[in-house]
Amino acid sequence: MKVKVGINGYGTIGKRVATAVNQQDDMEIVGITKTRPTYEAKDAVKKGYPVYVPKESLEAFEAAGVPVAGTVEDMIEAADIIVDCTPGKLAEEYKAKYAAAGKKAIWQGGEDHGLTGISFNATANYKESWGAQFSRVVSCNTTGLLRTLYKIDENFKIKNAFVTLIRRSADPNDSKNGPINAIEPVVKLPTHHGPDVQSIMPWLNISTMAVKVPTTLMHVHTIVVELEKEATTEEIKEVIRNCPRVMMVKNKDGVKSTAQIMDLARELGRSRGDMFEIVVWEEGIKVVGNTLYFYQAVNQESDVIPENIDCIRSMCKLEADPAKSMEKTDRSMGL
Ligand code: NAD
């Protein structure tokens, strides 16, 4: 019996989770929700996903000739687990609906840890969501930080981590957000990213700053880590090379920026040209004394997608071994 997954909110993240669920042999899509009959709703119908809509949207879908399978409540009823990919401010309302229907649900990083009390990252804490009713896959940036820092901490014990996040201003399909010709610092310091990492690694001393820049491609992190144990640059490279869902690239191979990383993802034939791995520049890793410096890049639209699949497996008790779940997810998604 496959686990029945409903996707509430079929936008940047929801669309990708749907594709990834479809690639698994132990889960299936029972429906997606859309609020308006957009090109995405029409494409979902073409892909064969049952489309569910809020009651107040039924008329608009009928007028646009987009076939509807039922209401959002009907989808919740049909699902074993809902992957909630709605934008902010809807979580409490939907949480009440999922709870009333006795269903499991996963939220995304736009929501606070307090909503679920459990946050998820496959590398760091797969088992904490085991059998849980509600969990939250942390944000794209937090996922990126956990993938590398968790393993560096495990091997060399991190005394302090200082991170600057250079953030994309909007997703590629977003024509509303900016800046388009400015650099915008986040002045509420330290930023929320550090505490978000601590929702999974509460013992980690980490502080973060962030600036938004006019690009849609990726985020880049500059990371400075004080290590407790001595390490050489080569030893750190070996640890990062072996981190799950981390790809090491070489500047001298021509991967000089986020532009070539996204081109590489397209060349690899990835779904939607996504780079699901966190990308680290090999030549940009350096240890001086007990201080480690490195850069990493995060494809904000896609790094959390394999995490959602593993979170479903943990919550629905489909696979007890985190490594086996991750291996299955990665193989099916072509990582
Ligand atoms: P999005 O705006 O691309 O998609 C949200 C979808 O929800 C849209 O299709 C919208 O029509 C739908 N929606 C709106 N109101 C709804 C309602 N009442 N009921 C059902 N659906 C409704 O947003 P996104 O970028 O996919 O973000 C979703 C979540 O994922 C947020 O928590 C966000 O913080 C998180 N996240 C986003 C990114 C990213 O870079 N885009 C990365 C990681 C995590």
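This is a predicted model: local features need pLDDT of at least 70, side-chain atom pairs count only at pLDDT 80 or more; totals for chains, interfaces and linings use all residues.
I started with the strands. I found an open sheet of eight, in the order β4-β3-β2-β1-β5-β6-β8-β7, with parallel pairing. I noted β4 (70-71) and β7 (119-120) as the edge strands, each with pairing on one side only. Next I checked what packs on the sheet: α1 does, and it touches β1, β2 (27-33) and β5 (81-84). I wrote down about 155° between the directions of α1 and β2.

**Entry 2, β6 and β8.** I zoomed in on β6 (residues 104-107) and β8 (residues 134-137), which run parallel and are joined by three bridges. Here I saw Ala105 opposite Phe134 of β8. Phe134 turned up again in a cluster that ring pairs build from Tyr94, Tyr98, Trp107 and Phe134.

How many aromatic pairs does the structure hold? I got five. I looked at Tyr10 with Tyr49, an edge-to-face pair with 6.1 Å centre to centre and 75° between the planes. This pair links distant parts of the chain, 39 residues apart. I placed Tyr10 in the loop between β1 (3-8) and α1 (12-22), and Tyr49 in the loop between α2 (39-47) and β3 (51-53). Both Tyr10 and Tyr49 are buried.

I went to helix α7 (residues 140-156), where Asp153 is found. Is Asp153 buried or exposed? I call Asp153 buried, because its relative accessibility is 8% and the cut-off is under 20%. What does its side chain meet? I found a polar contact of 2.8 Å with the side chain of Trp203. Leaving out residues up to four places away in sequence, I listed Ile158, Met201, Trp203 and Leu204 as touching Asp153.

Methods
Residues are numbered from 1 along each chain as its sequence is written. Side-chain values use heavy atoms; hydrogens and water are left out. Rings of Phe, Tyr and Trp (its six-membered ring) pair if their centres lie within 6.5 Å; planes under 30 degrees apart count as stacked, over 60 as edge-to-face and the rest as tilted. Helices (H or I, at least four residues) and strands (E, at least two) are DSSP runs, numbered from the N terminus. Buried means under 20% relative accessible area, exposed over 50%, partly exposed in between (1.4 Å probe, protein chains only). A polar contact is a pair of N or O atoms within 3.5 Å; within protein, one must be able to donate a hydrogen and the other to accept it, and residues adjacent in sequence count only if both atoms are side-chain atoms. Contact means heavy atoms within 4.5 Å. Two strands pair if DSSP finds at least two bridges between them. Axes are lines fitted to C-alpha atoms, for helices over the stretch in contact, and angles run from 0 to 180 degrees between N-to-C directions.
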